[in-house]
Amino acid sequence: MKRSARLRESLLGKPLDPFSGETRRHVVLVAFLAWIGLGADGLSSACYGPEEAFLALGAHTPLSLYLAALTAVTVFVIAVAYNQVIELFPSGGGGYKVATSLLGPYAGLVSGSALVVDYVLTISISVASGVDALFSLLPAAIGNVKLGLEVVLSVLLVVLNLRGMKESIRFLLPIFLGFVATHVALIGYGILAHIDRLPALIPGALADTRRLGGELGWVAVAALLLRAYSLGGGTYTGIEAVSNNVQSLAEPRVRTGKWTMFYMALSLAFTAGGIILLYLLWDAHHVPGRTLNAVTFESIIASFGLPQPAINATMLVVVLAFEAGLLFVAANTGFLGGPAVLANMAVDSWMPHQFRNLSSRLVTQNGVILMGLAAVVVLLITAGSVSVLVVLYSINVFLTFTLSLAGLVRYWWSHRGESNWLLRLALSLLGLGVCAGILAVTTVEKFAEGGWITLIITGLVIAVGLAIHRHYDTMAARLNRAEQVYAPPSGRVNARPRIEPTRPAAAFIIGRNRCGLVHASRTVIGLWPGFYRNFLVITAQPVDVRSYGGDQALEKLKASRLEDMNYFMELARQHGMASKYYMGFGVDGVEELVKLCREARAEFPQIVFFASKLVFDDETWITRFLHNQIVYAIQRRLQGENMQMVILPMRVPEG
């Protein structure tokens, strides 16, 4: 094994076999691990969402009782709505698939673009917030290394996710469980310690509401509460992560997805709603340079009556350290959800097809790397400022929520008469109203503060998607025309010439387009008539996110390629040549092809490899990158093993 290969294996782990049932069991997530990996983003929102909502009330803190109840209810409303997404789209895709299938491809493009930007911002703001929380416990003099640490942590998360989803989750498991344990304990104790105040809270909130209604008017009171509720919308970010990654869950996927969503909703509703209630019970107030959580938890810990102040301080440090750690775990959600959205968009040709490819560890590594690079760029541009990142955050996720729920409303309206359709329609309408309202208020409130930047960036991603899709459509039309131009001769030849391994062999390396083999075989036979007696076809089909969906998907892929091989063998017999094919499957198409070429050379010593290269009249670097890069990659690998490969230019006519 080469040194580079050993280094890669030690860093990322040994390659996994996509055809092994054991591999599938190794990479999928049970509900508990999925809750940790996909629920951390939502749960981490309790570190800042409730605070934004509570502070927006100003001096009218008794109204926060309504906020606590509304927050818990809203979490479950959105979660129940997204349970329907899991049922309707068990192969994953979440908001992107819902919008594409139920509202149309362009709505899907908008939803997918918004999700990609949102996941990049999830990584950036989670890392920056975590580092800020960590450095609030350290001397201010070392604050100049914060940005460097944020970049290092982002790179570390990239490496962890390149190793695999389950590996990254297991690494972060203690942090997540530590956060849950400390916050459940503090919230539970904080409420029980003031249980004598609970009976008076509801009458107090009602009295304050009546007083405000008399002073300001009921419209103003409703507007105040709606504004606070909407500005706390960051609490609900991350709920959609489960539906985006259903394909990564253990069978039965739908059941696992629903249990994961239940764990997520229950933990987020308890934590976020409980923290708002703690603010009210413990008379929390803003202290410059400190979060409301820190102020409230400090008061709760001080009430323990411990003899040493140092113990109180240590306990507070532990709690805040777990909050900071959970934000790092939440950043990992961006590396799970973002590449999944990119892969689904690549399947539909909104993004380069390279984003649907899997690595040897069965992760969409191109998406992971892109998300990491984009997050680092955002951190560098904003200097890791949480105040700047917060402004950019949360608009896009509610855009996706709104489109998804609009799609569900349309679906259930068009499926009237199905079991429980009216209840599901009502739930979808309720969720749509909530999310559309939060989206409108958040956009208006944050637009002038910098929210317009998020909308422009999302618009640019949409424009890129449109350009890429137009390119693929143009190339598809041209390749269809090429299939007609390079159509094989008609008629069946029954004679089957015998393979002669000692005679020269022409090996044609092919992809999915049949015209490439027809062109290459015609060219070779025309240039060297009668010289090559053996007609070999070598093909390796990459296993990507389309085909790695379980045993059935892989079997369909194999059956499809066998059909192509029969076609190619028939073509060889029409030329009167002996034929044989070498077919393989793997996540690394180039490596699998090289392995097959070695096998062919071992059997046919006098072998020359041929491949067609697409030539366009208006060829650009984009064309070369999207269509011909693999041909040159194969040639380089074969030359490195002293195997000769001839590239035959094939002009692709305009469609």
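This is a predicted model: local features need pLDDT of at least 70, side-chain atom pairs count only at pLDDT 80 or more; totals for chains, interfaces and linings use all residues.
The largest nonpolar core comprises 132 residues, and Y236, I239 and F401 have the most contacts inside it. Helix α15 (residues 309–347) supplies the largest share of this core, with 14 residues. Apart from this core lies another, of 25 residues, which includes A506, V518, F535 and L614. When neighbours within four places in sequence are left aside, Y236 is in contact with L70, T71, T74, V75 and I78, with Y229, and with F398, F401 and I438. F401, one of these partners of Y236, is itself among the residues with the most contacts inside the largest core.

Helix α16 covers residues 365–382, a run of 18 residues. The buried residues of α16 include G367, V368, M371, G372 and A375, together with V376, V378, L379 and T382. An α-helix has 3.6 residues a turn, so residues three or four places apart point the same way. After α16 comes A383, which has a positive phi, near 60°.

The aromatic side chains were examined next. The count of aromatic pairs in the model comes to 20. In one of the pairs, W259 and F262 are arranged edge-to-face, with 5.9 Å centre to centre and 90° between the planes. Both residues belong to helix α13 (residues 253–281); because they are 3 residues apart, about one helical turn separates W259 from F262. W259 has a relative accessibility of 40% and therefore counts as partly exposed. F262, at 39% relative accessibility, likewise counts as partly exposed. Both limits of this class matter here, since partly exposed residues fall between the buried cut-off of 20% and the exposed cut-off of 50%. The W259 and F262 rings also belong to a cluster linked by ring pairs, in which the other members are F32, W35, F176 and Y263.

A charge also sits over an aromatic ring in the model: the charged end of R416 lies over the ring of W413, at 4.2 Å from the ring centre.

Technical notes:
Residues are numbered from 1 along each chain as its sequence is written. Side-chain values use heavy atoms; hydrogens and water are left out. Helices (H or I, at least four residues) and strands (E, at least two) are DSSP runs, numbered from the N terminus. The expected span of a helix is 1.5 Å times one less than its number of residues. Buried means under 20% relative accessible area, exposed over 50%, partly exposed in between (1.4 Å probe, protein chains only). A nonpolar core is a set of buried Ala, Val, Leu, Ile, Met, Phe, Trp, Tyr and Cys residues joined through side-chain atoms within 4.5 Å. Contact means heavy atoms within 4.5 Å. Rings of Phe, Tyr and Trp (its six-membered ring) pair if their centres lie within 6.5 Å; planes under 30 degrees apart count as stacked, over 60 as edge-to-face and the rest as tilted. A charge sits over a ring if NZ of Lys or CZ of Arg is within 6 Å of the ring centre and within 35 degrees of the ring normal.
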